Amino acid sequence: MPSTARPETPDSHAPRAPATGLLLTGGGARAAYQVGVLEAIADIRRACGVGRAPNPFPIIAGTSAGAINAAALACGADDFGRTVRRMARAWRQVHAQQVYGADSLSVMRSGARWLTLLSVGWALARWRRMHPHSLLDNAPLEKLLAEMVPLERLPQLIRGGQLSALAVTASSYSSGEHVTFFEAAQPLRPWVRSQRKAVCGPITHAHLLASSAIPFVFPARGLVLDGHTEYFGDGSMRQSAPIAPAIHLGAERIVVIGAGRMHEPRDHTAVQPTPDYPSLAQIAGHALSNIFLDALAVDVERVLRINQTLSLIPEERRAQSALRPIELLVIAPSQRLDAVAARHVGDLPAPVRAMLGALGVSSSQADARSAALASYLLFEGGYTRELMALGRADTLALRDKVCRFFGWSDGGAFLPAS
């Protein structure tokens with residue numbers, strides 16, 4: 001486990017650096033893109049001569065698969081570079097069967113039941129007492145988390161000052177509330193807002209499984225909250241303010257890493273409309289994009305508007321407000337990940353490919369629409385490596401912005417694109 005780096009002693013005369021946060025959003029297998037971005041940041045950091053400096057992200061927040069990446073990074077906060085390399089190695093070598101049951105028997109037990117309900121009807125399902133919980137069974141992910149995310153290290157890292165806070169979010173099917181679970185170094189009163197609240201306490205693998213339980217695809221997870229069990233699903237559902245947890249935890253500047261394009265090109269040449277009725281796969285992919293992608297773009301715009309408004313207010317009046325300007329560095333894919341996924345649908349295990357085919361997912365590389373659903377489930381090395389390479393290339397293209405954001409002096413060392 002990462003434990004070798006020792007934080008540098010801060011200069012008491014140096015101005016206090018603003019608290020830096022990292023937000024990793026959801027998106028299933030799309031989260032591989034985030035690791036490519038983190039790899040590039042680690043390399044830029046090293047090229048600027050600050051590779052042995054303290055953890056650049058003392059405040060880390062994540063949702064869905066981003067929560068898993070966030071927790072893995074937080075658990076190695078005492079050696080950022082080594083931890084990122086470890087995460088990258090795991091994502092490059094990942095296979096679907098490490099995340100969900102991908103063999104014929106597992107798919108028959110979960111996905112085939114759903115298809116039966118669609119084709120035969122709910123009456124027969126009641127007669128047979130069929131109660132499928134999800135399209136796929138992600139039980140294998142529990143073992144992977146035990147290996148990748150040593151959460152038992154968190155209290156030590158928080159006490160040692162290498163980490164200030166970790167937050168993961170999930171959505172309660174039981175109450176309808178969006179809940180942020182967090183651990184922090186400083187006492188912090190949990191916040192409550194309309195249909196969302198925070199809960200302070202130890203974060204477990206069950207929280208990560210709940211946060212990453214894609215609706216319909218993976219089963220909900222039961223978590224004990226206020227003395228009773230509530231069932232939670234993916235934290236991207238009903239997430240109206242994804243940046244808010246990092247701000248509540250004290251971040252003054254935040255790196256936001258998305259899992260989809262923030263703005264689609266106006267000409268939409270990659271997705272020309274067709275007169276055909278949409279398949280279930282297209283509808284599901286569209287719904288998941290709405291859940292995972294749209295709220296982030298809206299929240300980024302909201303933060304920028306607040307920053308602009310605050311800049312127009314005199315400083316003495318601004319001090320009386322609870323609002324404060326937040327510096328953002330947003331890094332998001334420069335390509336449509338649906339189109340990338342279309343090139344890799346054939347990499348999925350045959351039983352999963354057959355099941356998705358019944359929902360309308362095509363193996364044609366030209367059919368990016370139907371590949372949207374597969375883009376969240378393609379936990380296969382060919383796809384994840386391409387996303388990581390894209391994340392790295394997108395970040396290196398912003399190298400000057402990254403250096404200015406952190407205040408690093410760029411030595412100009414050459415960094416390969418992949």
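Predicted model: local features only at pLDDT ≥ 70, side-chain atom pairs only at ≥ 80, totals over all residues.
The UniProt annotation "active site", taken from an unreviewed entry, covers Asp 234 together with Ser 64. Although these two residues are spread over 171 residues of sequence, they cluster in space, with a largest C-alpha distance of 5.6 Å. Ser 64 sits in the loop between β2 (59-63) and α2 (65-74). Because buried means under 20% relative accessible area, Ser 64 counts as buried at 1%, and Asp 234 counts as buried at 0%. Leaving aside neighbours within four places in sequence, Ser 64 is in contact with several residues, including Gly 26, Gly 27, Gly 28 and Asp 234, while the contacts of Asp 234, counted in that way, include Ser 64, Ser 171, Pro 215 and Phe 292.

From this site we can turn to the nonpolar interior. In soluble globular proteins, nonpolar side chains tend to be buried together. Here the largest nonpolar core has 104 residues, and those with the most contacts inside it are Tyr 100, Val 149 and Leu 208. Helix α1, residues 32-47, gives the most to this core, with 9 residues. Apart from this core lies another, of 19 residues, among them Phe 182, Ala 246, Ile 254 and Val 303. Returning to Leu 208, its contacts beyond four places in sequence include Ala 67, Leu 145, Val 149 and Ile 203.

Side chains of opposite charge can pair when their charged atoms come close. The structure holds 12 salt bridges, and one of them joins Arg 92 to Glu 39, with the closest N and O atoms 2.8 Å apart. Arg 92 lies in helix α3 (residues 80-92) and Glu 39 in helix α1, so the pair ties together parts that are 53 residues apart in sequence. Arg 92 is partly exposed, at 33% relative accessibility, whereas Glu 39 is buried, at 14%.

A further salt bridge brings together the side chains of Asp 226 and Lys 197, at 3.6 Å from N to O. This pair links the loop between β7 (221-225) and β8, where Asp 226 is found, with strand β6 (residues 196-200), which holds Lys 197. Asp 226 is exposed, at 62% relative accessibility, but Lys 197 is buried, at 16%. Finally, Arg 30, Arg 336 and Asp 338 are linked in a network of salt bridges.

Terms used. Residues numbered from 1 in each chain as written. Heavy atoms only, no water. Core = buried A, V, L, I, M, F, W, Y, C linked by side-chain atoms within 4.5 Å. Buried < 20%, exposed > 50% of the residue type's maximum accessible area, 1.4 Å probe, protein only. Helix = DSSP H or I, 4+ residues; strand = E, 2+ residues; numbered from the N terminus. Contact = heavy atoms within 4.5 Å. UniProt positions renumbered as here; feature names shortened; annotations may be inferred. Salt bridge = Lys/Arg side-chain N within 4 Å of Asp/Glu carboxyl O.
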